[in-house]
Amino acid sequence: MEGLEGIIREHPFFAGLDERFIALVSGCAKNVRFEAKQYLIRHDEPANEFYLVRHGRVALEIAAPGHGALTFQTLGAGDIVGVSWLISPYRSQYDAQALELTRAIAIDGGCLRTKCESDHDLGYEMMKRVVAILVQRLHATRLQILDVYGR
Amino acid sequence: MSMAAEGAASAAAGVAGKPAGPDPWLPRLGRIVSRRRDSRDAWTLEIREQIPQSASFRPGQFNMLTAFGIGEVPISLSGDPAAMDRLIHTIRPVGPVSTALAQMRPGAAIGLRGPFGSGWPLRQAVGGDVLVVAGGLGLAPLRPVLYALLAGRERYGRITLLYGSRSPDDVLFHREIVSWSRRQRIEVHVTVDHAASGWDGHVGVVTTLVPRAQCEPQRTVALVCGPEVMMRLTVAALHAHGIPHEAIYLSMERNMKCALGLCGRCQLQSVLVCRDGPVFRYDRVRGLFAHKEL
Ligand SMILES: Cc1cc2nc3c(=O)[nH]c(=O)nc-3n(C[C@H](O)[C@H](O)[C@H](O)COP(=O)(O)OP(=O)(O)OC[C@H]3O[C@@H](n4cnc5c(N)ncnc54)[C@H](O)[C@@H]3O)c2cc1C
Ligand code: FES
């Protein structure tokens, strides 16, 4: 457990998080690995877990009719994959596929959500961190939609 | 020193806004030597002047290129500043003049005035790290800087190129980027906005690459060129990464007519882009950014 706690403490997503909360988060965490091409997340499936990437690369994909899978973002060490675990209806909005051997910490979303409900200080910390990621991705999406390079 | 005065002092190939040599209003005659496709929609022309002059220029400068009978537009120099005998320009067709230029075949006549404008601040970068951030065709005006940095590699710390493009087919100078990252002492990260499966590189906007740059923010000079929206968001990301505004330089684009600081066509409030720019230190043009009216 100490190993997991150390990794979680060091991960940018949890930077500066109170030790008490690190222990709570670690209680919902486990080590996982994915081979290249294996899916971490499938579109529209329950968002049971999210992942702190430690090594490797993951593609976030959307299936577009007639175009196959379109990758709209790739993530790597230090990133998190999956935010739907905190946001109702807790279903994934895209596919996430490992592009190479990927090692990560999987966090049980249901377990952490229950802890967030019973300790709102923890819930607020998680909400702030997830919102920061959503804002970054919103900015990125705007740039992609504007298609600035195409003009 | 005023911005205009500094721009003037820094232009090696003559006073900024006024090229060295003969009548700056009169296009010199050149011929296309070669034309090659460098991405889905960008062509690179190699031009030799009819009466050869020194093709010396500062990375970041531009020429006014004439397609005779159609018009004249500003186009950055995209070649090696040390290759004095030929002029290289990379052009994306967006309207009548740029289309006529991009379609020119070997042997065709072309007019040119210049080089004009300020260059990238290579001297300020000596001894520190250099972070080059390019978006789309913005890599063209930055390529001469990369040549110059690599030619004097030992004078700089870490050199990083972050390049964002629309899709894999739009990546400019693809082969050269690969060779820079393989053979040279320069760290290269390329990203595309979206990709079909088969592309195994990074996907995401160029700002997502900034945290990957292995530079020491307090001793880094950042050189940024691309569409203005991209530059604005990149400046924010660089600043969040710890790079001060005074160490960020960008190249601005405005329509031009005279390129000599006389007609006012390229004016942005108190600044004339052709004379004081196109390369500006960010803190000096910050207020001009993001105004719809400008
Ligand atoms: C300092 C400087 C350096 C430049 N360097 C290069 C370069 O290296 N390579 C290159 O291809 N272009 C470069 N440009 C842009 C180039 O000058 C314009 O694309 C050109 O003037 C367009 O003229 P046109 O007659 O072909 O099209 P226009 O009829 O003037 O415009 C046609 C359409 O294209 C749009 N447009 C005009 N300018 C641009 C632009 N800059 N970017 C995107 N869309 C535009 C217009 O809004 C219009 O919708 C540079 C501009 C400046 C100011
Ligand atoms: S184009 Fe700049 S003043 Fe004429």
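**Figure 1. The shell of residues around ligand 1 in the predicted model.** In this predicted model, ligand 1 is surrounded by 19 residues, of which the closest are B:P74, B:T90, B:R92, B:S98 and B:E253. Because the residues that surround ligand 1 come from chains A and B, the site is one that the chains share. Sorted by residue class, the shell around ligand 1 consists of 11 nonpolar, 4 polar and 4 charged residues.

**Figure 2. Polar contacts of ligand 1 with chain B.** A polar backbone atom of B:T90 lies 2.8 Å from a nitrogen atom of ligand 1, and a polar backbone atom of B:R92 lies 2.8 Å from an oxygen atom of the ligand. With B:S98 the contact involves the side chain, a polar atom of which is 2.5 Å from an oxygen atom of ligand 1. Ligand 1 taken alone exposes 900 Å², and 70% of that area is buried by the protein. The elements that contribute two or more residues to the shell around the ligand are β4 (71–76), β5 (87–91) and α2 (96–102), which belong to chain B; the largest share, 4 residues, is supplied by β4(B).

**Figure 3. Burial of strand β12 of chain B.** Strand β12, which spans residues 220–225 of chain B, is largely enclosed by the rest of the structure, because 6 of its 6 residues are buried. In a regular strand, the side chains alternate between the two faces of the sheet. In β12(B), residues B:T220, B:A222 and B:V224 point one way, while B:V221, B:L223 and B:C225 point the other way, and all of these residues are buried. Burial here is taken as a relative accessible area under 20%, calculated with the protein chains only.

**Figure 4. Strand pairing of β12(B) with β7(B) and β13(B).** Strand β7, residues 129–135 of chain B, pairs with β12(B) in the parallel sense over 6 bridges, and within this pairing B:V130 has B:V221 of β12(B) as its bridge partner. A parallel pairing also links β12(B) to strand β13, residues 248–251 of chain B, in this case over 3 bridges, with B:L223 standing opposite B:Y249 of β13(B). The two residues of β12(B) named in these pairings, B:V221 and B:L223, point the same way from the strand and are buried.

**Figure 5. The β-α-β unit that contains β12(B).** Together with helix α6, which covers residues 228–240 of chain B, strands β12(B) and β13(B) make a β-α-β unit that is right-handed.

Technical notes:
Residues are numbered from 1 along each chain as its sequence is written. Chains are lettered from A and ligands numbered from 1 in the order in which they are written. This is a predicted model: local features need pLDDT of at least 70, side-chain atom pairs count only at pLDDT 80 or more; totals for chains, interfaces and linings use all residues. Side-chain values use heavy atoms; hydrogens and water are left out. Buried means under 20% relative accessible area, exposed over 50%, partly exposed in between (1.4 Å probe, protein chains only). Two strands pair if DSSP finds at least two bridges between them. A crossover is right-handed if, with the strands pointing away from the viewer, the path from the first strand over the helix to the second runs clockwise. A residue is near a molecule or strand if one of its heavy atoms lies within 4 Å of it. A polar contact is a pair of N or O atoms within 3.5 Å; within protein, one must be able to donate a hydrogen and the other to accept it, and residues adjacent in sequence count only if both atoms are side-chain atoms. Accessible areas come from the Shrake-Rupley method with a 1.4 Å probe; for residues, only the protein chains shown count as cover. Ala, Val, Leu, Ile, Met, Phe, Trp, Tyr, Cys and Pro count as nonpolar, Asp, Glu, Lys and Arg as charged, and the others, Gly among them, as polar.
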